[in-house]
Amino acid sequence: MTEKSYARSICLPNENVFRNLQTARRFAIDVGGSLAKLAYTATVQRKTSLVSDDTEINEDGPIYQVSDADETIVRLHFVKFETKFIETCLDFIQDHSSGLGKPVPERCIKVTGGGGYKYTDLITKKLGVCVDKEDEISCLIKGCNFLLKNIPDEVFIYQRHDSPEYKFLGVDHNTFPYLLVNIGSGVSLIKVEAEDKFERIGGTATGGGTFWGLGSLLTKARTFDDLLNLAEKGDHRNVDMLVRDIYGGAYSTIGLKEDIIASSFGKAARSPRSTSQSEEHNFKEEDVARSLLLSISNDIGQIACLHAKLHSLKKIYFGGYFIRGHPLTMHTITYAIKFWSKGDIQPLFLRHEGYLGAIGAFLKGAEEEDAELYSWEENFAGSSGLADPKPSPLIIQQAKSEFDMLELDRLEKTLLPCPLLLNAETYLPDTVDLTQDPHARAYWLQCFVDSIDKQEEQAIKSQASINSEDVRYRAAQFKQKYLQRLENLKRNPCAYGSLNVRGLLDMRSHCLKEFDFTDPYSQQKQFENEQALKYLPSRLQKLDAIEDKNELILELSKGLLAGNVFDWGAKEVAEIMEKGEFKFEDAQDKLQVRPWLMDNFEEWKNKQLGSNSYKCAAIFCDNSGADIILGVLPFARDLLKSGTKVIFCANSKPTLNDVTYQELMILVKRVAQICPVIGQATLKGQLVVMASGQGSPCLDLRLIDKDLVQKMKTEGTDLIVIEGMGRAIHTNFDAHFNCDSLKVAVLKNRWLAKRLGGDMFSVVFKFEESKKVQNSTNT
């Protein structure tokens, strides 16, 4: 094929499309007849804060050193573009990537899809690499399994007439078996029983190519998307023959409603007697396009349903070029599946279905690096979201792009479900789905908009020692990107999955990191940790002077709550703390007087006064400073005295003023030199600090560090303590466990407090015994 055969009228801005291309290392590409999907890994260099325990213990000196350090992360990029632009894109990659200048075998690119054969010579010529072709079906399955395992809000049900239209299902750990229906030019149906066990059990030649081909003959639509947009505007009833057109109403005897399509294009059939131009029916193009889309979608749905029934499969995942997140297409397929299965089979769609082949091809190329042994996290700062199901013409014009992006950051540890969950399959971390609560959605989106100036100010303040002009520029870029994301979510709440407070916080964190603000509160945390350590001896003396066990348990619980007041992530509390010195006693005085808003203290106290102590407690910690040192540590110290092992679970990555694993390791060492109980417990391994695998103010127990999972199992953990508003209220408030659980938080957001029936500084002290124990008792 000559160079003139390729389209070149496209602009490729490096910073917006092929991001981090200069450090790209391994490439894979899925070349379809219409779309090409490029995958590559790149290393991203950024600054982060490093804490180090290299200081002498000095009453007036720092308890640890905070320094800027270089951090390298591995990011997996996917870029989707029209195949007709492939030559221009390959030229751009060659010009901007240094990763292609490496020796064989690294100069080999994995290629899948039909275009892998058609464009082999072009790829070899432009990139100077060898082309290693991979089986398309095998890549699709590998890519699908990867997404189902790694992206929590990957899978959704589409409900066109519901609000929201998208219902996300979270992570399904019982993935197999399922039916994958890949709708490209034709349709393939693949039964998947395990990671490497699958077979093609059927298909049809009536697919996306049929829709595009017939649509091109019947309408003036120039592209696939033009045809879909035309179908969205049409009324198929002007072209299709319905049941009521034949019977005058429903055919109730056999269960056919009056608006069911009896014959696709049935009204377009000309009577042999109607030969004159005046007698011919003039059909609108949009009606014809809609009739065509419904005809093909209904047939695909029926064929998929029949094969699923034949093989006893309850889940059908749909993917391929034909879907493209198009609402009417998903609605029609969903309707067909539910109609023919009578609701027994679930039609499911994937947010990133277009990347299945590219992901699979990449993984095949990276098998020697054990790429599948890592966990991956979607980078919301660099990924495109789902299209708005009901965009305005203005928004379509603004958002139109030939490119779609997905970015995944590699996590250095594998993440697994928490073994303490009563049912990991039904667990969803988030208390409120903002897609279903428009009032809460409007409040929280505006709340994050209102807080952006403070976040920008804190980001600048945290890097005061660096060139101020550069810092201010990066902070402004962060602000602009996050506000843009929030504006998109106002229009399309389901763009990145189920909208919730956790997602808004994580997206803000990703945007901060995108512009080198990985730990804006590092100095603030250091200062507060130092101040709290100075106060700890007197706090412990006060507790040790309490002889009455009932009084001690109450004081420890109040201390746990008072420490949780110190939260820079809560706007109203931050304003109080900024005005001047805010002491631990001040926080205790702010607490709601008992009875608390949610008060299971008596049940907790009775459990503590009982004869049996807990074997092992896992405590998910929240804030630095007074929270961890004056609240959590004394609480844990009392558990240690009773013989309980304690696992402190701290964030692996920094966020807001939450204590991190690195920081807590040093803090526990410092506390051990102050308190003999803590000192002995650390020496004997009765007290351990572990990374949770999290990097959020919230807590998603579907994905925690595998070492922590193993520790919980081996120690027989029978108590989980979840502390803080983000972890115990925004997430996990309704979570159930196979062990006793204590959820503790002070409400530091007035709107949320009032919604729960309280006010500022209302207390949630929620203790529940093991659901297993309760269930066996009820039995």
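**Exercise 1. Find the residues of helix H13 (residues 452-462) that are buried, and say what they pack against.**

Step 1: Go along H13 and pick out Ile-452, Gln-455, Glu-456, Gln-458, Ala-459, Ile-460 and Ser-462, which are buried (under 20% relative accessible area, 1.4 Å probe, protein chains only). Helices here are DSSP runs of H or I, at least four residues, and strands are runs of E, at least two, numbered from the N terminus.

Step 2: Look for their partners: helices H12 (438-450), H14 (468-491), H15 (501-514) and H16 (522-544). Contact means heavy atoms within 4.5 Å.

A quick note on the model: it's predicted, so local features need pLDDT of at least 70, side-chain atom pairs count only at pLDDT 80 or more, and totals for chains, interfaces and linings use all residues. Residues are numbered from 1 along each chain as its sequence is written, and side-chain values use heavy atoms, leaving out hydrogens and water.

**Exercise 2. Work out the strand order of the open sheet of seven strands, and name its edges.**

Step 1: Read off the order, S5-S4-S1-S2-S3-S16-S15, with mixed pairing. Strands pair if DSSP finds at least two bridges between them.

Step 2: Check the ends. S5 (130-133) and S15 (375-378) each have a single partner strand, so one side of each lacks a neighbour in the sheet.

Step 3: Zoom in on S2 (residues 35-52) and S3 (residues 65-82): they run antiparallel, joined by 18 bridges. Ala-42 sits opposite Arg-75 in S3.

Terms used:
Buried means under 20% relative accessible area, exposed over 50%, partly exposed in between (1.4 Å probe, protein chains only).
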